[in-house]
Amino acid sequence: MKNDYHHPVLVGEVINYLDLKQGDTIFEGTLGGAGHTIAIIKEIAPTGKLIGVDLCSQALSTAASRLKNYKDIIFLKEDNFANVKSILAGLDIEEVDGILYDLGLSSFQIDKSTKGFSYMRDEMLDMRFGCEGKTAHEVINRYSEEELREIFYKYGEEKWSGRIAANIVKERSREEIKSTSRLAGIIKDSVPPEHRYKRGHPAKRIFQAIRIEVNDELKNLEKGIEDGFDVLKKGGRMVIISYHSLEDRIVKNKFINFSGRCTCPPLLPVCRCGAKKRGRVVTRKIINPTQEEIMENPRARSAKLRAIEKL
Ligand SMILES: C[S@@+](CC[C@H](N)C(=O)[O-])C[C@H]1O[C@@H](n2cnc3c(N)ncnc32)[C@H](O)[C@@H]1O
Ligand SMILES: [Zn+2]
């Protein structure tokens with residue numbers, strides 16, 4: 001089916017690793033344009049259940065209209081997947097057979113939401129997936145220089161973080177920074193010309209860092225994985241698609257931990273992570289899209305899929 005909201009990634013692999021059966025109950029934490037949902041529903045209908053969640057109201061309305069033929073078996077909610085436990089409790093569902101998180105943002109959000117996710121468009125600085133909480137404007141204009149530097153370094157892995165943070169603070173004291181293009185210009189000018197494009201446009205990494213901070217993405221991911229794994233049935237599967245190394249590191253370490261291996265830092269004298277064998281990683285090697293898929297959908301390029309089964 002043509003999908004101009006978002007082109008879903010690794011659909012066949014998602015279905016395969018979720019190991020779906022008719023009648024399954026599935027929690028999908030990142031509904032987007034329901035690209036994966038439609039493929040999932042075909043496997044679990046007519047008796048299964050799908051609980052679909054997204055922070056973005058446009059995702060919910062697009063998904064609702066695409067899924068209107070399956071009204072009886074879908075439950076859609078504007079919420080954070082980190083709240084998986086309370087969302088399921090609200091529906092009187094104790095356990096699920098499968099969980100899917102397709103992280104990051106949809107093509108709609110990048111291209112059409114006008115929320116300032118892309119450094120290549122001139123938009124206001126918002127970057128929230130939903131409509132609550134702090135905006136990119138607040139982060140850029142209110143955070144201290146040290147806080148900005150730390151975010152850029154931690155979430156953008158940008159070695160020129162200090163210069164970029166210092167320039168933002170200098171520029172905003174002249175006039176509030178309101179637009180993505182002014183911010184992108186400040187970032188670009190902060191990196192010495194000979195280093196500017198060594199790893200792509202520097203604004204790309206800094207915009208990613210701001211987005212992670214605005215949406216508290218890494219904390220939500222950790223909670224979504226931990227709480228999701230708790231409500232997974234024995235034999236149930238959790239499938240996660242991530243798009244950058246910070247996300248993938250969290251997924252990888254949580255899955256290793258669920259498989260019973262200690263993931264504490266090497267110098268810690270005693271184990272604090274409480275690793276206990278509760279799962280089996282079913283993707284022995286990370287799953288990437290094929291060249292064919294990347295040619296058809298370049299945004300699939302950085303996708304990495306991992307799956308675990310609860311024991
Ligand atoms: C890559 S898109 C998902 C696309 C979807 N799989 C499809 O086929 O159309 C990611 C979606 O997850 C949502 N999202 C990101 N973090 C979230 C969170 N913590 N809770 C709920 N939704 C989230 C975004 O708003 C976005 O719509
Ligand atoms: Zn440990």
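Modeller: The account below turns to the cysteines and then to the chain around them.

This is a predicted model, in which local features need pLDDT of at least 70 and side-chain atom pairs count only at pLDDT 80 or more, while totals for chains, interfaces and linings use all residues. Residues are numbered from 1 along each chain as its sequence is written, and side-chain values use heavy atoms, with hydrogens and water left out.

A disulfide is a covalent bond between the sulfur atoms of two cysteines. Here the criterion is a pair of cysteine sulfur atoms within 2.5 Å, and a search of the whole structure finds zero disulfides. C131 is in no disulfide, and its nearest cysteine sulfur, that of C56, is 8.8 Å away. With a 1.4 Å probe and protein chains only, a residue is buried under 20% relative accessible area, exposed over 50%, and partly exposed in between. C131 has 53% relative accessibility and therefore counts as exposed; C273, at 27%, counts as partly exposed.

The chain has 13 helices and seven strands, taken as DSSP runs (H or I, at least four residues, for helices; E, at least two, for strands). Among contacts (heavy atoms within 4.5 Å) between residues at least 6 apart in sequence, 69% join residues at least 24 apart. The C-alpha atoms fill a box of roughly 60 × 55 × 40 Å along the principal axes.

Notes:
Chains are lettered from A and ligands numbered from 1 in the order in which they are written.
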